[in-house]
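Subject: Structure handover

Hello,

Here is the structure for your files. My notes on it follow below.

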Amino acid sequence: MSFWRKCVAVASTLLIGFALITPTTASAAATVSLTMDSYVQADRATTNFGSSIRLSTEGRANIWRNALLRFNIRVPAGERVVSAKLRVYSETSTTSTQFVDVFTTSGGWTEGGVTWNNAPVRGAWLGKAGGFAANSWVEWDVTKGVSATGGEQNFKLESNAQKWIGFTSKEASNPALRPQLVVTTAPGTGTPTEAAVVHGWGTRTAGDEFNYAGAPDATKWIVYNSVGHAGNGIRSPQQVTVDGSKMVMTGTPDGTTAGISAKFANQKYGRWEVRAAGSGDDEYHLVSILWPDSGNWPCDGEVDFAETTGDWNVIKFFHHYACSNSQTSAFKALDVSQFHNYAVDWSPKGIVGYIDGVKWFEDTDPAHQPPGSMHQTLQLDWFPDSTPNGAGEMRVDWVRVYAAAPSP
């Protein structure tokens, strides 16, 4: 139940290949070779290079090359992926300031058909490597981009280095030098509580693991510096930080609090999941929102898929629709001071909410659909009342975004 929510967002491009893994023992590491790869080139935008013996990246203007790889991971029953390392063999050296970045990307491309013009856009950034020697293996930890339950995984390599950087492809004459995905699995611990795992949403396409320290990543978030929700208090950048494992927002007794708006995954339809907890004075409300990219509120809707409203032992879902700010809602008794996974699946069929992988909200009325694209916001909003004022806190372990469900 919110009124003044505001936000923004961002996007990009990428390429891939395919492979297969079947570990046979618990905590086993298996090396998988590619089954599909290619590269694309900006100055030859309609040419396919799927049969090349090399993959390559290049950052020079008008040349721009990106490489694509696809893997299909099969995880044994009762196990989950705990580590994934992408390895490619470089034919080129780079300096300590020349990097190759790896991203997730979507599927749908083919080795014999992908070109610069039809290549899939890139998703979440997974890491970078630089300062490597020619004729050596280059490795990226891509665990964050791989679903715990396996399945098809697509990656893209890009570089801003002003030079050609070549890697052997799956067509290379020496099989030992072809790209690899090294995947480690281990027995699952109890019942999964992530909607993405329980319902098989596949590889995440964007988000933030908050595995760094300092201010929220400026490439991913806009940090509010404004008056507070409904004019109450203020939102200050000083009240939000990342401590190396989670994002923490704090609210003071006088209403100085925080909010952030995602620059990633501005999209109509998709799946979002947030692992969050909160505590403190009941005047503070934890809120995880999908906000319209248009900013046209209330006409373009608002989806509050996790919100407290004066009680840290109850969580609520509010789906706002139409210029009348009409709502459908749900509530559930829950200890919000403990971490839980809150998710929303938005498709042409409607909006579905999940807590710890279990459905608890659904609205399938076509008249209630948001009319345009939306994006994630996280807010600790202050609702002062007649009770003594106290402090509040919101903690977020991660934010993960997944593609919309395929059309039937």
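Predicted model: local features only at pLDDT ≥ 70, side-chain atom pairs only at ≥ 80, totals over all residues.

Residues are numbered from 1 along each chain as its sequence is written, and side-chain values use heavy atoms, with hydrogens and water left out.

Strands (E, at least two residues) are DSSP runs numbered from the N terminus, and two of them pair if DSSP finds at least two bridges between them. Strand E10 covers residues 150-159. Its pairing with strand E5 (residues 65-74) is antiparallel, with 8 bridges. E10 also pairs with strand E7 (residues 99-105), again antiparallel, over 5 bridges; there Val 102 has Leu 157 as its bridge partner. Of the 10 residues of E10, 8 are buried, so the strand is largely enclosed by the rest of the structure. Buried means under 20% relative accessible area, exposed over 50%, and partly exposed in between (1.4 Å probe, protein chains only).

The model has 1 disulfide, defined as a pair of cysteine sulfur atoms within 2.5 Å. Cys 299 and Cys 323 form it, with their sulfur atoms 1.9 Å apart. The torsion about the S-S bond is about 125°, so the disulfide is right-handed. Cys 299 lies in the loop between strands E22 (284-292) and E23 (302-307), and Cys 323 in the loop between E24 (314-321) and E25 (326-333), so the pair ties together parts 24 residues apart in sequence. Cys 299 is partly exposed at 24% relative accessible area, while Cys 323 is exposed at 55%.

Regards

Notes:
Helix = DSSP H or I, 4+ residues; strand = E, 2+ residues; numbered from the N terminus.
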